[in-house]
Amino acid sequence: MATQTPVPAVLDQTTSTACRPMWLEVLHDWVTTVDHKKIGLMYIGYALLFLVVAGFEALLIRIQLAIPNNTFVSPQVFNRLFTMHGSTMIFFVAMPVLFGFGNYLIPLMIGARDMAFPRLNAFSFWVSAFGGLLLYFSYFGGSGLYGAGSAPDVGWWAYAPLTAKAFSPGHSTDYWTLAILLSGVGTIGTALNIVTTVICMRCPGMKLSRMPLLVWIYLVMSLMAFVTISPLTAAQIMLMLDRYLGSHLFDTQAGGSAVLWMHFFWIFGHPEVYILILPAFAFANEIIPVFSRKAIFGYPAMVAATVGIGFVSLSVWAHHMFTVGMGAGANTFFVFSSMTIAVPTGIKIFNWLATIWGGKIRFTTSMMFAIGFLFQFLIAGLTGIMLAVAPFDWQLGNSYFVVAHFHYVIVGGILFMLFSAFYYWYPKMTGRMLSEKLGKWHFWLFLIGFHLTFDIMHIPGILGMPRRIYTYEADRGWMIWNLLVSSGAMIQTVGVLLFVYNLVRSYFKGAVAGADPWDGWTLEWSTTSPPPSYNFAVIPSVGSRRPLWDLKHPEDPDNNYE
Amino acid sequence: MNNDEERTQSGVVELPSPTAWPMVLALGLALICTGMVTNVVIGLLGLLLFVWGGIGWFLQVLPHEQHVEVPVLNEEIEIASSRRLKARLPASDMHRKILPIETYHISAGIKGGIAGGIAMIVPAALFGLIRYHSIWYAANLLAAGGFVSWIGASDAFLSQFHMQGLFAAIAIHGLTSLLVGLLYGAVLPMYPRYPIVTAGLVAPLLFTGILHSALGVISPILNQRIDWFWFVISQVAFGLVCGFVVNLHTRVRTAQFRALPFAVRAGIHSDFAARNDPAEKADKKDQAQ
Ligand SMILES: [Cu+2]
């Protein structure tokens, strides 16, 4: 057993000075920082900003679709809205917020003082941030500075040949390509950083088999990012060759292949779903045990399932292409590989249930969001299996059923778990507790709004409503469903606004959290809230997967059982 | 670690110094991209910033990485649980699953699968020889499931030697044997009382039952021509040999073993009841929290 070192806390003397720093100094501080915690917070703040923007776009889309024959926005604006909504949510909300939490938590959880490459870390953040700004600059300069501005309107898949110069003149598509390219550079940088940090910077006693599951999952997720961002970047460069230098890689009429783009995009696009959902699993693995007062059930199985998901998810991409006509052999392969992924995912769900089972559950807001995640992710997985059956997909591919399915994954799964993570780690990041009362309001409003929107959204899909449709005739019978879906979106908006208000208010007025408000077990709770810039005055050493349990219960330490 | 402690005692921690160069480099890269959709002048400005930022970054780390020394004030944080451990009502042992305290290494299952797979060839070849006077018949029949063009093949065709049939049969048979062998390695420790019955009789019969109902979907041609009597014989041959080989291997102790009382681990005191201990102990621990 490795020795347990008591962890000394630290008082930063500089904060006690009377005069507050000038705002310019604060700005300088943040712009020049290489501290993983500050970079993490910048990632999170910037993602929240884009969350509000892309959420607003979703709201406009829902208003347009609420009633038949609506002309709330023009068809052109509508196309831009859904393109920007999708691209922003994936590349400039989900990715940065997940990397933000990873950046903040990984060094703290493995007992390190910073990431392996602190400057690369800053570079990765800034390059993604500038990518997001470039994407939105298209609203002002879409056709070049000489023409009127217009945003990309080719959808977040940007299928060929829609992106060819002939069908997308001006620069709107180029904005999309370049912004995604920049965000990809940032992603690769952070992924490299996370992998190196996890492999090289663990504190004494932190064997791979003792790493918190969150760290394990971020390791797998980062390795996946290497494999999947590369084809995406390659495809973007090829698209730029087509558009700038006149090559015909995706131009079917000149001997290119439009299906090639689909393969490139989805071999990125499907693993991307798992890159996004894995951090949600990671949060669940830390939060559910603490609020069930039990160690995680089946740690090795969880690790194996994570690695399994990482591998299998690389071989399922063409289930997005069943309607293309790939032939019986390819369809069969991708049906079976897509179904295989339900096995490791199922293992995880059973392990979470087994962790909760018989535990002494504390229904904090964080735990309630986590439980919501469990049920909703299960349903999202089940509609996923339905869509993985090729003949079923031929009926419902490109319908609102698909839209409902993947929003169930992203909102019901990832976003719910993200909210849970905010309520859990906000005290560590700011030193203040989020208001539980506002939190409960946020949870119930968002839960009701979510189910109103996305449960019901399956129905117009089954009734044949295609996705990306601008408006529809009154006699289709879709109106009542769309009206309900849109009203649910309103309720979700209120919930999110409450959450943002809670974030701001609690920063100033929240109850003081202390180092360890949840009676947690991982190393981040052994230092002050917020942690000092060096994290730990003395590098800790650990003897089990729950080092703080060992310190709190020296009579019954975990390594007797692991 | 020593170095680290010294510094902490001197009240200082070294951290990489803050720098804006990565941001400048990123801005340069972003402006190069912006230049492609606006004006080349912006791209050139980006290139300038890119090079400038790169040089600045290099000077940050070469020849020596720049550090700042951050003062530390040591104060003990008390790490204590706000909750008390409670004694728990005793639960009946009957509800608790018994976890194996010993299991096989994964290689035992693989070796067992290989041995069993080889043993299975003997009854399969015998079946072909007796019924069709050809040792290749069984292999070709197995391979036919993988070739769409062989679905209507005649018995005479299946009795001849086909190179691709042999390869396909080896692939199918090899993979299945390995997987089933692994399963044996995992399952046998869970039924420690009569391993030979489990391995040589129960498992083959179960497997035959499953295949009997599913084979029409997996391989219709095999389903038409299979001889279930010989099939059971070959399954039993596999099970006996595979189970025998797996059982030959020494067992490795699982985490549950380490939780047993010392007297049991040392071999001084041992009986079946002792196996309840780890589960019970883990249970107490769960409930205590
Ligand atoms: Cu997919």
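In chain B, a nonpolar surface patch of about 960 Å² is made by V122(B), L126(B), L129(B), I130(B), I135(B), W136(B), F161(B), M163(B), F167(B) and I170(B). Two elements of chain B give two or more residues to this patch: α4 (106-132) and α7 (163-187). The largest share, four residues, comes from α4(B). A patch here is built from residues with over 30% relative accessible area and no salt bridge, where nonpolar side chains (Val, Leu, Ile, Met, Phe, Trp, Tyr) are joined within 5 Å and like charges within 9 Å. The accessible areas come from the Shrake-Rupley method with a 1.4 Å probe, and for residues only the protein chains shown count as cover. Helices (H or I, at least four residues) and strands (E, at least two) are DSSP runs, numbered from the N terminus.

A word on the ground rules: this is a predicted model, in which local features need pLDDT of at least 70 and side-chain atom pairs count only at pLDDT 80 or more, while totals for chains, interfaces and linings use all residues. Residues are numbered from 1 along each chain as its sequence is written, chains are lettered from A and ligands numbered from 1 in the order in which they are written, and side-chain values use heavy atoms, with hydrogens and water left out.

Is V122(B) buried or exposed? With a relative accessible area of 52%, V122(B) is exposed; the cut-offs are under 20% for buried, over 50% for exposed, and in between for partly exposed (1.4 Å probe, protein chains only).

Also in chain B, S159(B) belongs to helix α6 (residues 155-159). S159(B) counts as buried because its relative accessibility is 18%. Not counting residues up to four places away in sequence, S159(B) touches Y132(B), S134(B), W136(B), Y137(B) and N140(B); contact means heavy atoms within 4.5 Å.

Over in chain A, T33(A) is found in the loop between α1 (23-31) and α2 (36-66), and its 5% relative accessibility makes it buried. A polar atom of the T33(A) side chain lies 3.1 Å from the backbone nitrogen of D35(A). Leaving aside neighbours within four places in sequence, T33(A) is in contact with K38(A), I39(A), M42(A) and A122(A).

How many salt bridges does the structure hold over all chains? There are ten, each being a side-chain nitrogen of Lys or Arg within 4 Å of a carboxyl oxygen of Asp or Glu. Here are some of them.

| Salt bridge | N to O distance |
|---|---|
| K37(A) and D35(A) | 3.2 Å |
| K440(A) and E436(A) | 3.5 Å |
| D519(A) and K552(A) | 2.7 Å |

Both K37(A) and D35(A) are buried. K440(A) and E436(A) are four residues apart in helix α14 (residues 436-456) of chain A, so about one helical turn separates them. K440(A) is partly exposed at 26% relative accessibility, and E436(A) is partly exposed at 27%.

D519(A) lies in the loop between α16 (479-509) and α17 (547-552) of chain A and K552(A) in helix α17, so this pair ties together parts that are 33 residues apart in sequence. D519(A) is buried at 2% relative accessibility, and K552(A) is buried at 10%. Salt bridges with shared partners join R293(A), D516(A), D519(A) and K552(A) into one network.

Definitions and conventions: A polar contact is a pair of N or O atoms within 3.5 Å; within protein, one must be able to donate a hydrogen and the other to accept it, and residues adjacent in sequence count only if both atoms are side-chain atoms.
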